[in-house]
Amino acid sequence: MASILRSLAVTTTAAALAGAGAYAAKTLAARSEENLRPVQSTRTPRILVAGGGYIGLYTATTLRKQLGRADAEIAVVDPRPYMTYQPFLPEAAAGSIEPRHVVTSLRRELRGATVITGNITEIRHAERKAVIKPLTDDPAYEVTYDHLVVGLGSIARTLPIPGLKENAIGFKHIEEATVLRNRVLNKLATAASTWDADERKRMLTFVFVGGGFAGIEAIGEVEDMARAATKEYDSIEPEDLRFVIVEGAGRILPELGEELGGYAIEQLRERGVEIHLNTFLNSCVDGKIELSDGTSFDADTIVWTAGVKPNPVLANTDLPLDERGRVRTDATLRVVNEDGSVVDGAWAAGDNAGVPDLTKGPGATTAPTAQHAVRQGKHLGKNLALVLRGEEPAEYRHEDIGTVASLGLYKGVAQIKGIKFRGPLAWFMHRSYHVLAMPSMERKVRILVDWTEALFFRRELVSLSALQNPRAAWEAAAASGKKPAPGPGDAAPALAGGKQPSGKQ
């Protein structure tokens, strides 16, 4: 069986490399045949792209391909100088992919555009102005623009649960995935060195709240890694680890349907994962987990993956928002008022936009997935270029061809055009699709190299938990050189020459 899986993995790498090469050749050919047409403007318009995620990166790169530098100035604003490909966060947390290979440098990919590192705190579109706060102590400043692209994305949707803010960690950024990996491995090392049975049990308990793609893929990959790590400890058995999923709905992975969602539950439970459906987290004060079904236990690691909400910065704009706090758009990705009238010069897409889903019934909006975000970013860039040339934009329409999800190494579920897949084949589909969707040929190759190395070498299971507080060792060293202050009964130090301090002679 191991040889079959290894052969499948080799095939995965070869197929992905071939697909990546074909994709690169197609892209280069398209660029060479490109006919840049001038825009209809008396001066160079300035396009401000708010956010450097999927929407920001793909919109800016598409615009740069469509328009010459004299046709448009493009500025992208984001607090992070890179875009994170979130579907690969679970594999980064499990050590299957280097964390640096999951992110793409904005400056490297957006040559010919200005990348501003900072936070947009306010947008006054009526004045065509945005307020940017640098990451330093420098004061905020205003920038003007002619066209605005809103791609601020989403943040974790948290709830006022006692102890959640103090004890849980999210799973939307590469930093959080890295922290989770280090935390799990560090808990194993610490638990192997303690004699306290209760403390040991607490350290080896890991709770994931949320049964969507983020939560299930994260627990599938991390649980796989943690059980593999127990082989390095004589005092820890795989059965000593406790992984728990808490989901408020009656099933997991609802996008895949009941059959595949049920299969995923069966697979996870066979691996010893506890799954609490129709259950909510009531409290986690000081790591004391209390669930709505009456279950109570202690855990040091709590991962929150229970949904997202639009970036709250949208509340500090004069853009029209829907009832869920998203920017209102029409099918062409232009911002529109409630009555459907177009807001001139404003565009939005991705998680922070209510984009109509033309493949479904009236009122339906596209799901907040990477599949839609990548396509919407490219579509928005093309539409904005069309408008700048005086042409009409096209409607965004994309019918999902399927959904894939990983449950750990060689394990997965997928549904492609109504056909259901499970096991190694579904896992193969998951990896193949996402490596091809990863921006940048360099990143595609680096990820493939990571996977290829994993075929011949064991997992890297070293915790770098000190990264979370890199100054700790330095501060301890600095503190060790300090002389303790003299106490009230201690003799005063002698002065040079053997003299005592001045005082009574």
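Me: Which ring face does R422 lie over?
Reply: R422 lies over the face of Y263, at 4.9 Å from the ring centre. Keep in mind that this is a predicted model.

Me: And R242, what ring is under that one?
Reply: The face of F297, with R242 at 4.2 Å from the ring centre.

Me: Switching to ring pairs. How many aromatic pairs does the structure hold?
Reply: The structure holds 6 aromatic pairs. One of them is F88 with W451, where the ring centres are 5.9 Å apart and the planes stand at 80°, so the pair counts as edge-to-face.

Me: Where do F88 and W451 lie?
Reply: F88 is in the loop between β3 (82–84) and α3 (89–94), while W451 belongs to helix α12 (residues 441–456).

Me: Which residues are in the cluster linked by ring pairs?
Reply: Y54, Y85, F88 and W451.

Me: Now R227. Where does it lie?
Reply: R227 is in helix α8, which covers residues 213–229.

Me: Is R227 buried or exposed?
Reply: Buried, with a relative accessible area of 16%.

Me: What lies 3.2 Å from a polar atom of its side chain?
Reply: The backbone oxygen of R271 lies at that distance from the R227 side chain.

Me: Which residues is R227 in contact with, leaving aside neighbours within four places?
Reply: P238, E239, L241, F243, R271 and G272.

Me: Strands next. How many bridges join β23 to β24?
Reply: There are 6 bridges between β23 (residues 402–408) and β24 (residues 411–416), and the two strands run antiparallel. T403, for example, has Q415 in β24 as its bridge partner.

Me: What is in the turn of that hairpin?
Reply: The hairpin of β23 and β24 has 2 residues between the strands, and Y410 in the turn has a positive phi of about 65°.

Me: And what does β24 do with β25?
Reply: β24 pairs with β25 (residues 419–422) in the antiparallel sense over 4 bridges. A414 has F421 in β25 as its bridge partner. This hairpin also has 2 residues between its strands, and K417 takes a positive phi near 50°.

Me: What is the strand order in the open sheet with β14?
Reply: The order is β14-β15-β16, 3 strands with antiparallel pairing. β14 (281–283) and β16 (296–298) are the edge strands, each pairing on one side only. From one strand to the next the twist averages 35°.

Me: How many bridges join β14 to β15?
Reply: 2 bridges join β14 to β15 (residues 288–291). In β15, L291 is the bridge partner of L281.

Me: Last one, A75. Where is it, and is it buried or exposed?
Reply: A75 sits in strand β2 (residues 73–78). A75 is buried, with a relative accessible area of 12%.

Me: How far apart are the C-alpha atoms of A75 and V115?
Reply: They are separated by 5.8 Å, with the two residues 40 residues apart along the chain. Leaving aside neighbours within four places in sequence, A75 is in contact with I47, L48, V49, T114 and I116.

Definitions and conventions: Residues numbered from 1 in each chain as written. Predicted model: local features only at pLDDT ≥ 70, side-chain atom pairs only at ≥ 80, totals over all residues. Heavy atoms only, no water. Buried < 20%, exposed > 50% of the residue type's maximum accessible area, 1.4 Å probe, protein only. Polar contact = N/O pair within 3.5 Å; in protein donor to acceptor, adjacent residues only side chain to side chain. Contact = heavy atoms within 4.5 Å. Phe/Tyr/Trp six-rings, centres within 6.5 Å; stacked < 30°, edge-to-face > 60°. Lys NZ or Arg CZ within 6 Å of the ring centre and 35° of its normal. Pairing = 2+ DSSP bridges. Axes fitted to C-alpha atoms, helices over the stretch in contact; angles between N-to-C directions.
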